[in-house]
Amino acid sequence: MENYVKQYCFDNENISGYYLSPYVYIVQTEEGLYVGREDDEREVCFRESVDTYVKLFHKLSEGMSETEIYEYLEGHFSERSDEILSLLIGGGIVE
């Protein structure tokens, strides 16, 4: 995979969406799914529900509304959905 920055063209329909940051790297190992930012030292390792996170990041690469991301998180992580979204936004993974 080549290094590049994805540019989003915003319009009235996607201006309030959540997106995977173009500066994020994702590496899957036997230990888990490592997600971090190329421009700083922040990194998170998801050791459980790796496939669920992979699907989430694919969806986020195309953009998700606030309703869509909450429905996805609540459907897969129920009581931890707010905590996970805060981690993703605070870690610069989602913008």
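Predicted model: local features only at pLDDT ≥ 70, side-chain atom pairs only at ≥ 80, totals over all residues.
**Strand S2.** I began with strand S2, residues 33–37, and checked its burial: 5 of its 5 residues are buried, so the strand is largely enclosed by the rest of the structure. I then looked up the directions of the side chains and noted that Leu33, Val35 and Arg37 point one way, while Tyr34 and Gly36 point the other way, with all of them buried.

**Pairing with S1.** Next I followed S2 to strand S1, residues 24–28, and found the two paired in the antiparallel sense over 5 bridges; within this pairing, I listed valine 35 of S2 as the bridge partner of isoleucine 26. The hairpin of S1 and S2 has 4 residues between the strands, and there I noted glycine 32 with a positive phi near 160 degrees.

**Pairing with S3.** I turned to strand S3, residues 43–46, which runs antiparallel to S2 and is joined to it by 4 bridges, with glutamate 43 in S3 as the bridge partner of glycine 36. For the hairpin that S2 and S3 form, I recorded 5 residues between them.

**Helix H3.** Last I looked up helix H3, residues 81–90, whose buried residues are Ser81, Ile84, Leu85 and Leu88. They cover an arc of only 95 degrees around the axis, which puts them on the same side of H3. On the face turned away from that buried side I found the exposed residues Glu83, Ser86 and Gly90. I traced the packing of the buried residues of H3 to S3, helix H1 (50–62) and helix H2 (66–77). Just after H3, I noted that glycine 92 takes a positive phi of about 75 degrees.

Definitions and conventions. Residues numbered from 1 in each chain as written. Heavy atoms only, no water. Buried < 20%, exposed > 50% of the residue type's maximum accessible area, 1.4 Å probe, protein only. Pairing = 2+ DSSP bridges. Arc of directions from axis to C-beta. Contact = heavy atoms within 4.5 Å.
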